[in-house]
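Me: I want to learn how to read a few features from coordinates. Can we go through them one at a time?

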Amino acid sequence: MYPSALQIGGNPRPAPLRVAAAVAGARALAADCRSRIALPISTCAVTVVFLLAALSGATAEPKRVLLLHSFGQNFAPWNELARSFRTELNRQWAQPIDLYEASLAIARFADDNQEGPFIDYLRAVFANHRFDLVVTMGAPAAGLFQRHRQKLFSSTPMLLTALEQRRIPLASLTANDTVAAVSVDFASVVENILHVLPDTTNVAVVIGNSANERYWAEQMRGALQPFTGRVAFTWLNKLSFDDMLKRVAALPPRSAILFAQLSVDAAGILHEESKALTGLHAVANAPIFSYIDAFFGRGIVGGPLISVRDSGRLSAAVAVRILGGEAAGDVKIPALGFAAPRFDQRELRRWGISEASLPTGSVVEFRVPTVFEQHGWHIILAIALCALQSIFIAVLLAHRRRLRRADVERRKAEDAAHELSGRLINAQEEERSRLARELHDDVTQRLAVLAIDAGREERRLPKASGGQAMGALREGLVRLSEDVHALSHQLHPSILEDLGLSEALKSECKRFSDLGPIRVELEASEIPEPLPRDESLCLFRIAQEALRNVARHARASEAKVSLRRLDGGIQLVVKDDGAGFNGKQTRGRPCLGQASMRQRVHLLDGELHIDSVPGYGTTVSAWVPVKEADHESPPRSAG
């Protein structure tokens, strides 16, 4: 059974190889120096010094340390203490160390008869090993070595660590032994429970039933006597682990659990304390406390705890002093007590314990991060994006308001321009009407009188004496009168008001055909008469302007004017077969005729389209709305 209870480990020792290499190098260099007379003596001397230093380092063997565990290398909290010790020893001792480890599994049993054979086995295994230091981890290992000190490593310095000061075997300590102990104040542990949970009336103590654990159960009972009458203690050392689970799951209200240690339960079953604590934590209906920080973060609430790291650091510091040549008996350090209280926030939240109830100077760890702590950058980024988006939206809204104001101003300006255009067109039409009346009623009449007078003189005078000249004058006056009459008709076609749009267009098309080689046809159907004055005058002027453009630019042979009802209005189309033009090339050039046509149509909420293709003529299409009520409405100021 002992090989399974003992684990031995160590590092190789390559020191002899290093020594041989260094010696061979020194001899070779000496021979080389003798053979090279020209080589400076100082150079050889310096090189030999360095080789000797290397030889000295190579001959220094690593320190050998035996670490004996009480309960095995995987049992908490001693495994945490051993790990901390190894880490600190390697950090504080700069030279190589051969570290051997052995596990004393028999410490978990009550049979003391197994110690003798186990000691004999250790002597056989390490018969050829000389250790510079033996370190015991836990009280059982310390007691075993002290009881058999004369048989096992009697001259080797020994460091007893990871044990409570009450377990120090003071009577058997020698000048070659020293102790790095801890001090556990059980009363302070319970005081911490009552400070954090002042309404607590019952404390269930979880502790095993091995010989070591029975010892500590008695020690705890004695230390907790002052709490009699304040708190009732329920001791679970007489239960199996399964029964312990049932008991902690059904504790009465206002209870707490004190996890001391659990290596062997009452049924004799071995337990790894960290796993046992995990099982208890899963079913417990009350908060769990302990006094060593190896269990901190694994289910205990916290409080004043023995620091595993501090214990390992102090033990390693003592070991370094002994390995450095100091006598073990001369190294005296006080027992390590509780560190500052530490609490697990996850357990505080689980059991509803307020941080305000914690002792002064407490440190709260394992804080559950808030949403902001977990996603702080994402939240900040989202807020920044929202802020930027809000600014962008505000800028867009402000720009939209400016655009709306500008649009309102533009519309007002357009309305004012349209109103002004309408007034100008009305003024133009009124001026044309006045001029037409003046020409027709005054100038034409006066020309007629002159023509009559010229005719009289023509008949009175003989042809040879000026009668022929007077006849020519009369004919010129007649033609001038006709031209003035035609001009008066163009300025203000009275036929438009007398006979309507259709007859006015018919007259205009006939007049246009008579003036030149372009033949103009008119097609008008289903035109309600009379049309409103504004609409009639608008379409008539557009027809005049379109025919005038045909005569000036189109080089057409014929043109067609059509007038019809369409979509609640009147459509006028003037189409020719002339040369046409490129609308894209002429776009942007000033054209008063087109501008006048568009302005007239726009004032009546109509539409104007000019379509032209080079070589295929031009089509001018104007549409204005006409309502039945417009026939009886007063004339609008669109002209």
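Me: Is Cys 538 buried or exposed?
Reply: Buried means under 20% relative accessible area, exposed over 50%, and partly exposed in between, with a 1.4 Å probe and protein chains only. Cys 538 has a relative accessible area of 2%, so it is buried. Cys 509 is buried too, at 4%.

Me: What should I know about the model behind these values?
Reply: It is predicted: local features need pLDDT of at least 70, side-chain atom pairs count only at pLDDT 80 or more, and totals for chains, interfaces and linings use all residues. Residues are numbered from 1 along each chain as its sequence is written, and side-chain values use heavy atoms, with hydrogens and water left out.

Me: How many disulfides does the structure hold?
Reply: A disulfide is a pair of cysteine sulfur atoms within 2.5 Å. The structure holds zero.

Me: How are strands and their pairing defined?
Reply: Helices (H or I, at least four residues) and strands (E, at least two) are DSSP runs, numbered from the N terminus. Two strands pair if DSSP finds at least two bridges between them.

Me: Which strands pair with S3 here?
Reply: Strand S1 (residues 63–69) runs parallel to S3, joined by five bridges. Val 65 has Leu 133 in S3 as its bridge partner. S3 (residues 133–137) also pairs with S4 in the parallel sense, over four bridges.

Me: Which elements make the β-α-β unit, and what is its hand?
Reply: A crossover is right-handed if, with the strands pointing away from the viewer, the path from the first strand over the helix to the second runs clockwise. S3, helix H6 (residues 139–147) and S4 make a right-handed unit.

Me: How do I read the two faces of a strand?
Reply: In a regular strand the side chains alternate between the two faces of the sheet. In S3, Leu 133, Val 135 and Met 137 are on one side, Val 134 and Thr 136 on the other, and all are buried. Five of the five residues of S3 are buried, so the strand is largely enclosed by the rest of the structure. The count for S4 (residues 158–164) is seven of seven, so S4 is largely enclosed as well.

Me: Is Val 395 buried or partly exposed?
Reply: Val 395, in helix H13 (residues 371–460), is partly exposed, at 47% relative accessible area.
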